[in-house]
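Please look over the sequence and the structure below.

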Amino acid sequence: MLLALKAWGHLGTLPVFLLLALLLLCGMAAAGLLAVGVERVAYRPLRNAPRLVPLISAIGVSFFLQDAVRFAESLWRNAFYLTYPSLEALDRRLRLGGAADLPYKSLVVMAGAVGIMLGLTAFVNRSRVGKAIRAVAEDRPTASLMGIDVNRIIAVTFFVGGAMGGAAGVLFGIQYSLINPYTGFIPGLKAFTAAVLGGIGNLPGAMVGGLVLGLLEAASASYLSLLTGGAFGAEYKDILAFSILIVILIFRPRGILGEVVAEKV
Amino acid sequence: MSAEATEEHQRGTTSRAHLVGVLAFVAITAAAVYAAPGSLMLFLAFQASLLLLYYARLSPGLRTALAALALGGVLPFLGTVNGYYLEVATQVGIFVALALGLNIVVGLAGLLDLGYVAFFAVGAYLWAIFGSRQANEFMASAFGSFPLGPGWFFVFLGLGVAVAAGTGVLLGLPVLRLRGDYLAIVTLGFGEVIRVLANNLDKPVNLTNGPKGITPIQRPPLFFGPWLEALGWGATPAALYPLYFYFLVLGIVVVVVLATQRLQDSPIGRAWEAIREDEAAAVAMGVPLVRMKLLSFACGASFAGAVGVLFAAKQFFINPESFTFMESIGVLAMIILGGMGSIPGAVLGATAVTVLNLQVLKGVSLWLNELRNAGTTIFGYNLANLPTQLEPAKYERMVFGVILVLMMIFRPQGILPRQRGAPAARRGADA
């Protein structure tokens with residue numbers, strides 16, 4: 001199910017800049033619908049195959065989509081590196097006193113992320129569909145015996161996963177401005193790292209994991225070069241993220257908040 | 001096929017009609033390539049003759065002899081007519097060896113390694129650093145001066161095997177106890193780490209020369225030059241090297257095929273397949289899980305290390321761009337296409353994907369460019385207006401993606417699946 005989150009971030013970055021909320025919703029809807037389509041084509045036929053098979057299929061889909069976006073962009077605009085249209089209001093900076101200031105767009109990104117996380121938590125924990133999702137995750141045959149339409153629930157899960165990826169893509173685009181079809185790869189890898197760090201199958205865990213990973217990365221990007229006398233710089237932050245993943249997997253495979261949930265297959 | 005024929009086939013006897021057919025096909029396609037050295041289709045037909053060889057009903061000895069004739073005699077000869085064929089064949093050979101290595105990890109042991117190219121990079125950088133002036137940057141004078149002589153190439157071929165295998169064990173130790181999907185992500189991350197390291201280790205100590213890459217890299221010694229001279233076949237090094245590399249790659253491929261064949265019929269290979277089919281049952285039967293997984297990791301990595309050393313020597317120049325995630329997925333697509341766990345499958349998949357990338361995609365690209373420059377009009381659309389960023393040669397990812405998804409959905413066992421059963425009853429797998 002995690003695979004739904006893979007590498008579709010870039011897709012949400014395509015729609016034209018209208019309004020922030022509308023943009024976010026468009027990105028989420030487009031990416032979510034795409035994810036549902038992908039699930040129908042590339043995962044549902046493999047539902048009962050050995051575990052490696054859907055994983056390989058997922059990689060194939062993400063590679064195909066990257067080049068499909070590149071193809072479309074090349075045909076349409078003759079360029080596949082895109083600059084996000086900038087909005088003057090977003091580029092202004094908020095003065096925090098002293099030498100510290102903060103661009104508004106970062107505030108938007110943070111607010112967006114918090115809002116989406118709250119929404120997702122409420123959806124999974126409070127709604128009927130959320131309950132069904134948790135039931136299917138726990139035990140698919142039993143859930144289906146309880147009258148849950150497993151195929152539909154899995155499709156919904158892919159929609160939600162894709163929509164989250166799309167939202168992340170839009171926020172990424174707002175923050176960093178420059179995107180290309182291959183932008184989503186490293187963030188996708190880090191999403192997995194963050195999920196493992198926090199504890200897989202655990203929403204608060206994923207958020208804590210993301211926060212910890214993000215802070216560690218930002219700190220290392222700023223201070224690594226200072227601490228090592230300029231020998232190692234910000235370019236090593238990806239290696240740091242990956243080392244954290246390995247260390248966590250060795251010493252605490254359940255993740256930071258992992259006790260809450262049992263190991264799922 | 002009648003029951004009698006099947007039995008005959010299993011005994012490995014030769015059908016004269018098949019022998020004549022294969023010989024005729026090889027001869028005709030080879031002659032055609034010789035007559036029209038520029039033709040892509042004819043060269044593809046010649047490559048297909050090797051597949052025919054695999055399917056023909058021949059005794060194992062005869063099949064090996066024919067394969068040796070085609071790969072060791074006819075193909076190099078065609079290469080002297082058009083050097084490009086030799087280059088393609090060498091590239092195919094490199095990827096065949098890589099695919100066979102990954103085949104051990106993914107196909108036999110069932111461990112999804114998404115960072116396989118990292119081991120290839122380790123081998124390549126090993127020889128690139130010591131086989132060029134690069135090593136002077138960090139260990140001058142103390143060990144003499146670099147580059148090392150050409151003769152060291154063969155030493156490093158062995159060292160590449162050892163170092164890559166060691167890297168495989170180091171990476172495998174922390175993660176092989178975990179579930180398969182964790183392994184996939186960690187190996188993927190490892191592949192990225194190796195690339196980032198290669199990109200950035202030009203400071204504080206200049207190990208890899210960063211994104212600029214390393215060149216010139218020492219080539220292997222032409223020790224046989226005088227012998228050829230004595231036979232009256234003297235040639236310039238420039239003419240000899242392509243052939244030399246072709247035969248080196250061919251040698252490595254033969255060694256790798258033999259090693260894989262012996263491994264998969266050994267207790268080790270059976271343990272790997274047991275792990276792939278059912279880990280819990282394998283453990284219950286007394287298979288030492290972690291040790292066997294580490295062994296498969298080390299074996300797969302060691303092949304990639306040896307090929308990497310050769311790759312560095314052949315390319316003369318390497319930089320981190322040759323070792324991206326896409327290469328790992330490319331090798332994966334090769335074994336998925338051919339058939340996981342199957343030696344002929346890995347060979348077929350590697351050949352097909354490499355040829356597709358090197359010849360077909362580039363061919364389409366060139367063709368499209370010609371049409372564009374000529375301003376051809378199709379269905380009322382002038383191709384001169386086609387966006388210039390549309391380069392079919394650049395869509396390798398799409399090719400890999402389509403291969404992976406379609407194969408997983410429609411034929412997960414691959415085009416030439418592994419033939420099961422007792423080794424004696426199996427087809428000779430040396431095609």
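In what order do the elements of chain A run from the N terminus on? The model is a predicted one, and in it the order is α-α-β-α-β-β-α-α-α-α-β-α-α-α. That gives chain A 10 helices and four strands. Of the 265 residues in chain A, 39% are buried. Among the contacts in chain A with a separation of 6 or more, 64% are between residues 24 or more positions apart.

Chain A also touches chain B: 37 residues of chain A are in contact with 36 residues of chain B. On the chain A side, helix H2 (52-77), helix H8 (185-198) and helix H10 (237-251) each supply at least two residues. The largest share, 16 residues, comes from H2(A). By residue class, this side of chain A consists of 28 nonpolar, five polar and four charged residues.

Now turn to chain B and its helix H2, residues 16-35. With 20 residues at 1.5 Å a residue, this helix should span 28 Å, and the distance between its end C-alpha atoms, 28 Å, agrees with that. Buried residues in H2(B) are Val22(B), Thr29(B), Ala30(B) and Val33(B). They line one face of the helix, because their directions fall within an arc of 100° when H2(B) is seen down its axis. The face turned away from this buried side carries exposed residues: Arg16(B), Ala17(B), Val20(B), Ala24(B), Ala27(B) and Ala35(B).

Notes
Residues numbered from 1 in each chain as written. Chains lettered and ligands numbered in written order. Predicted model: local features only at pLDDT ≥ 70, side-chain atom pairs only at ≥ 80, totals over all residues. Buried ≥ 20, exposed ≤ 12 C-beta atoms within 10 Å, placed from the backbone. Contact = placed C-beta atoms within 7 Å. Nonpolar A, V, L, I, M, F, W, Y, C, P; charged D, E, K, R; others polar. Expected span 1.5 Å × (residues − 1). Arc of directions from axis to C-beta.
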